[in-house]
Amino acid sequence: MSRQPKILIVPVDGSEGASAAAEYALGLAQALDVPVRLLYAFPRDPVDMFGIPTEAPGPEELEYFSPEAFERLRDQSAEKAFAATREALGETAVEIQEQIVSGHPAEAIVAHAAAEDQPQVVIGSRGLSGFKEFLLGSVSQRVLHQADCPVTVVR
């Protein structure tokens, strides 16, 4: 027998798919009386994000190799994704939490969910990365197959 989730985890990236998942999760959260946690996954460090430079990096690339600049980029990116989702959700009485996690999105989402008590992941079927995900497998597909908790994929 399945247990009711205690929290709905919604990975967000600023895409329409993430907003659709958040809207779906909001309705579910209202019915179940549970909070929604918006989760933004960002690479661990500049090498994870940009790779190892094969040539002398230009000033634009070098800027983000400083820890402070990389953190600023992470925080700005997360705030854009959270803001887009909050705008899509509008006003609500549901508790909305926001959290940033580090690592490859699928692995970070699965690890975060594994650390929660009775979570459910609600994820959009398509994010911002497009063609790259087509070649490597989508984040939603990986989360669906790797998570030990219920996962709802919203189209």
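Rings of Phe, Tyr and Trp (its six-membered ring) count as a pair if their centres lie within 6.5 Å; planes under 30 degrees apart are called stacked, over 60 edge-to-face, and the rest tilted. With that rule, a search of the whole structure finds three aromatic pairs. What you are looking at is a predicted model, where local features need pLDDT of at least 70 and side-chain atom pairs count only at pLDDT 80 or more, while totals for chains, interfaces and linings use all residues. Residues are numbered from 1 along each chain as its sequence is written, and side-chain values use heavy atoms, with hydrogens and water left out.

**Aromatic rings**

- The ring centres of Y40 and F42 are 6.1 Å apart and their planes meet at 25 degrees, so this pair is stacked.
- F42 also forms a tilted pair with F70, with 5.3 Å from centre to centre and 50 degrees between the planes.
- Because F42 lies in strand β2 and F70 in helix α4, their pair ties together parts that are 28 residues apart in sequence. (Helices, H or I of at least four residues, and strands, E of at least two, are DSSP runs numbered from the N terminus.)
- F42 is buried, with a relative accessible area of 3%, and F70 is buried too, at 7%. (Buried means under 20% relative accessible area, exposed over 50%, and partly exposed in between, using a 1.4 Å probe and protein chains only.)
- Ring pairs link Y40, F42, F70 and F82 into a cluster.

**Nonpolar cores**

- A nonpolar core is a set of buried Ala, Val, Leu, Ile, Met, Phe, Trp, Tyr and Cys residues joined through side-chain atoms within 4.5 Å.
- The largest one has 23 residues, and L8, V10, V12, V36 and V122 have the most contacts inside it.
- β1, α1 (16-32), β2 and α4 (67-89) each supply at least two residues of this core.
- A second, separate core of 17 residues includes A106, A108, V110 and A113.

- In α5 (residues 105-114), the buried residues are A106, A108, I109, V110, H112 and A113.
- Their cover includes β1 (7-11), β2 (36-42), β3 (96-102), β4 (119-124) and α7 (139-146).
- P105, A106, E107, I109 and V110 of α5 are in contact with α7 through V139, R142, V143 and Q146. (Contact means heavy atoms within 4.5 Å.)
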